[in-house]
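Have the viewer open and follow along.

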Amino acid sequence: MATDYDAPRKTEDDGASTASLEELQAQRSVTPSATAVDVDETEAAENFELPGADLSGEELLVRVVPAQDDEFTCASCFLVRHRSQVALEKNGMKYCYDCEG
């Protein structure tokens with residue numbers, strides 16, 4: 001049996017779907033919409049506090065390790081890389097593969 005996919009679909013009870021659509025529209029008009037709420041982002045961020053003590057006055061102590069013999073500092077991105085990452089050396093400056101390309 002051939003089916004005409006362009007023909008409008010017929011349901012057994014078109015009145016029930018219309019009634020339910022009207023009910024949904026009535027519920028939507030009674031229930032406040034979440035998208036209608038306008039929230040100020042800066043005010044929300046100011047009121048947000050992380051749990052724990054206030055660490056704003058604390059200083060972080062980091063142990064700095066000097067570059068090793070098999071490392072270099074890229075002249076472009078200033079990252080310390082392994083010597084196998086040297087792509088170009090120009091005027092005594094070394095460049096990594098990421099910056100040279």
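**Questions on the predicted model**

Q: Is N91 buried or exposed?
A: This is a predicted model. The relative accessible area of N91 is 74%. The exposed class begins over 50%. N91 therefore counts as exposed.

Q: Where is N91 found, and what is its phi?
A: N91 sits in the loop between β3 (86-90) and β4 (93-96). Most residues other than glycine have a negative phi. N91 is not a glycine, yet its phi is positive, at about 55°.

Q: Which loop holds F78, and what is phi there?
A: F78 lies in the loop between β1 and β2. Its relative accessible area of 60% makes F78 exposed. F78 is a residue other than glycine with a positive phi, near 65°.

Q: In what order do the elements of the protein chain run?
A: The protein chain has three helices and four strands. Read from the N terminus on, the order is α-α-β-β-β-β-α.

Q: What share of the residues in the protein chain is buried?
A: A residue counts as buried under 20% relative accessible area. The protein chain has 101 residues. Of these, the buried share is 5%.

Q: What percentage of the accessible surface belongs to carbon and sulfur atoms?
A: The accessible surface of the protein chain is about 10000 Å². Carbon and sulfur atoms hold 51%.

Q: Among contacts between residues at least 6 apart in sequence, what percentage join residues at least 24 apart?
A: Contact here means heavy atoms within 4.5 Å. Take the contacts in the protein chain between residues at least 6 apart in sequence. Those joining residues at least 24 apart make up 4%.

Q: Which side chains meet in a salt bridge?
A: Side chains of opposite charge can pair when their charged atoms come close. Searching the whole structure gives one salt bridge. Its N to O distance is 3.1 Å, and the partners are R81 and D98.

Q: Which elements does the R81 and D98 pair link?
A: The two residues are 17 apart and belong to distant parts of the chain. R81 is in strand β2 (residues 80-82), and D98 is in helix α3 (residues 97-100).

Q: Are R81 and D98 buried or exposed?
A: R81 has 18% relative accessibility, so R81 counts as buried. D98 has 57% relative accessibility, so D98 counts as exposed.

Q: Which residues does C77 touch, not counting those up to four places away in sequence?
A: C77 is in the loop between β1 and β2. C77 is partly exposed because its relative accessibility is 27%. Beyond four places in sequence, C77 touches C96 and C99.

Q: What separates the C-alpha atoms of C77 and D98?
A: Along the chain, C77 and D98 are 21 residues apart. The separation of their C-alpha atoms is 8.9 Å.

Q: Which residues form the negative surface patch?
A: One member, D40, is placed in the loop between α1 (14-30) and α2 (41-46). D40 counts as partly exposed because its relative accessibility is 42%. The patch is formed by D40, E41, E43 and E46.

Q: Which residues make the nonpolar surface patch?
A: V64 is part of this patch and lies in the loop between α2 and β1 (71-73). With a relative accessible area of 72%, V64 is exposed. The patch covers about 400 Å² and is made by L60, V62 and V64.

Methods: Residues are numbered from 1 along each chain as its sequence is written. This is a predicted model: local features need pLDDT of at least 70, side-chain atom pairs count only at pLDDT 80 or more; totals for chains, interfaces and linings use all residues. Side-chain values use heavy atoms; hydrogens and water are left out. Patches are made of residues with over 30% relative accessible area and no salt bridge: like charges are joined within 9 Å, nonpolar side chains (Val, Leu, Ile, Met, Phe, Trp, Tyr) within 5 Å. Accessible areas come from the Shrake-Rupley method with a 1.4 Å probe; for residues, only the protein chains shown count as cover. A salt bridge is a side-chain nitrogen of Lys or Arg within 4 Å of a carboxyl oxygen of Asp or Glu. Lys and Arg count as positive and Asp and Glu as negative; His and the chain ends are not counted. The place of a charge is taken as NZ of Lys, CZ of Arg, CG of Asp or CD of Glu. Buried means under 20% relative accessible area, exposed over 50%, partly exposed in between (1.4 Å probe, protein chains only).
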